[in-house]
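Welcome! Please take a look at the sequence and the 3D structure below, and then let us walk through some of the details together.

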Amino acid sequence: MARGPLADLYPSRGLSIVRGEGAYLFAKDGTRYLDLMTNYGANLLGHGNPAILEAIASQSRALIGLHGSFTSEVRLRASTAVLRRLPMFAEGAALYWGNSGAEAIEAAIKFAAATRQRPTFIAATGGFHGKTIGALALTEAGKYRALFDRMLLPVRHVLYGSLDALAEAIDDSVAAVVLEPIQGEGGVVVPPAGYLRTVLELCRARGVLVILDEIQTGCGRTGTFTVAEREGIAPDLLCLGKGLAGGLPVGVAAMSAAVADRLTNGLHTSTFGGNPLVAAAVLATLATLEADLLARVAVLGAWFADRLAAMSGDEVRGRGLMIGAAVGPSRDRVLKALQERLVLAIPAGTDVVRFLPPLSVTAEQLATAVEAWGLARSRNER
């Protein structure tokens with residue numbers, strides 16, 4: 001069978017999607033699906049959010065793209081707005097703007113190396129940070145790395161959640177430790193209580209930087225704007241992406257003043273990074289992420305996780321509206337059964353069904369998903 005004009009790089013869901021509205025996606029045949037995957041978390045506020053659409057439309061009539069060598073007022077306002085949401089960074093903190101989470105990670109790697117002048121990084125087993133060549137070195141899964149191992153920068157992978165393993169891996173060659181505060185692609189894995197704070201203390205004592213990958217957990221997904229905020233910790237660099245621009249391509253590496261002060265002109269740039277169109281969408285998205293919405297995310301997510309677990313008896317984990325259910329080897333059959341019942345979810349790890357609903361999802365919509373979940377699990381018993 002011919003593959004057509006597109007490189008054969010993605011598994012097919014067997015659906016042709018033509019439009020989205022709120023928490024729903026509509027197929028070419030008119031069928032409506034409850035979207036609890038949101039383009040892997042990128043459509044944070046659902047589809048067709050009026051504030052985001054208006055911001056994009058208004059900015060597109062003025063200026064879409066502008067190189068970073070020029071001043072852009074909307075880019076400056078967006079940068080200030082993002083840093084206000086990152087109170088763990090003190091005065092003098094700065095942002096790098098890219099176009100994806102992987103680009104933010106690539107930038108953070110280079111900035112850490114420039115700051116510490118050391119060649120080695122530490123990441124965690126089960127971690128996923130992207131598939132570009134630097135991010136791929138941090139990503140542990142062999143299925144992504146096998147063809148490229150000889151090309152990758154030196155990274156030591158330690159057991160996620162183990163402080164002893166991390167302490168043993170750190171030596172004078174290590175520039176930074178890179179961690180997801182909750183592992184997403186790895187299976188929605190939440191570390192032990194206090195783990196992140198102790199990691200930070202250990203790294204500070206050893207002169208090693210800490211990079212938090214909040215590309216999936218950030219922007220309110222877990223009920224606070226970042227997990228770092230919830231944990232009361234201040235990493236040296238923090239990466240955001242996915243939902244930050246309400247669905248447009250974006251990636252941000254936020255850094256402390258100590259890191260920003262070590263960067264030199266031209267060290268790392270992006271033609272499209274922080275373009276005015278995306279900056280306008282970021283401002284509209286952040287304006288929507290008010291305290292009451294984030295509190296609602298925490299409450300609604302806990303209810304949804306409890307109902308999923310009660311319905312099936314599976315282990316259900318996560319925070320806010322980042323939820324994974326460990327269903328065992330029937331995972332792909334369960335995903336298919338959910339889709340047949342007009343609910344879209346995504347895989348994680350080897351045996352986890354992952355839900356990333358829009359933060360605007362309603363309790364009634366989640367109740368519909370719970371009903372579909374019960375039917376899907378009864379049909380696909382372990």
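Asp-314 and Arg-377 are both buried in this predicted model. Their side chains meet in a salt bridge, with 2.8 Å from N to O. Asp-314 sits in the loop between helix H12 (291–312) and strand S11 (315–319), while Arg-377 belongs to helix H14 (residues 363–379), so the pair ties together parts that are 63 residues apart in sequence.

How many salt bridges does the count come to? The count comes to nine salt bridges. Here are some of them side by side.

| Salt bridge | N to O distance |
|---|---|
| Arg-354 and Glu-185 | 2.8 Å |
| Arg-204 and Asp-236 | 2.9 Å |
| Asp-314 and Arg-377 | 2.8 Å |

Let us begin with Arg-354 and Glu-185, whose side chains meet in a salt bridge. Arg-354 is part of strand S15 (residues 352–355) and Glu-185 is in the loop between S7 and H8, so this pair ties together parts that are 169 residues apart in sequence. Is Arg-354 buried or exposed? Arg-354 counts as buried, because its relative accessibility is 1% and the cut-off for buried is under 20%.

Arg-204 lies in helix H8, and Asp-236 lies in the loop between H9 and strand S9 (237–240), so the pair ties together parts that are 32 residues apart in sequence. Arg-204 is partly exposed, at a relative accessible area of 40%, whereas Asp-236 counts as buried at 10% relative accessibility.

Now for helix H8 itself. Helix H8 (residues 195–206) has 12 residues, which at 1.5 Å a residue should span 16 Å; the C-alpha atoms at its ends are 17 Å apart, and that agrees. Which residues of H8 are buried? They are Tyr-195, Leu-196, Val-199, Leu-200, Leu-202 and Cys-203. Looking down the axis of H8, you would find these buried residues within an arc of 165°, so they line one face of the helix. The cover over the buried residues of H8 includes helix H7 (163–169), strand S7 (174–179), strand S8 (209–213) and helix H9 (227–231). Just after H8 comes Gly-207, which takes a positive phi of about 70°.

Let us turn to the surface. Ile-133, Leu-147, Phe-148 and Met-151 form a nonpolar patch there, and together they have about 440 Å² of accessible area. One of these residues, Ile-133, lies in helix H5 (residues 133–138). Ile-133 is partly exposed, with a relative accessible area of 41%.

A last stop is Lys-110, in helix H4 (residues 101–116). Lys-110 is partly exposed, with a relative accessible area of 36%. Which residues does Lys-110 contact, leaving aside its neighbours within four places in sequence? With those neighbours set aside, Lys-110 is in contact with Leu-267 and His-268. As for Gly-134, its C-alpha atom is 9.0 Å in space from that of Lys-110, and the two residues are 24 residues apart in sequence.

Definitions and conventions
Residues are numbered from 1 along each chain as its sequence is written. This is a predicted model: local features need pLDDT of at least 70, side-chain atom pairs count only at pLDDT 80 or more; totals for chains, interfaces and linings use all residues. Side-chain values use heavy atoms; hydrogens and water are left out. Patches are made of residues with over 30% relative accessible area and no salt bridge: like charges are joined within 9 Å, nonpolar side chains (Val, Leu, Ile, Met, Phe, Trp, Tyr) within 5 Å. Accessible areas come from the Shrake-Rupley method with a 1.4 Å probe; for residues, only the protein chains shown count as cover. A salt bridge is a side-chain nitrogen of Lys or Arg within 4 Å of a carboxyl oxygen of Asp or Glu. Helices (H or I, at least four residues) and strands (E, at least two) are DSSP runs, numbered from the N terminus. Buried means under 20% relative accessible area, exposed over 50%, partly exposed in between (1.4 Å probe, protein chains only). The expected span of a helix is 1.5 Å times one less than its number of residues. The arc is that of the directions from the helix axis to the C-beta atoms. Contact means heavy atoms within 4.5 Å.
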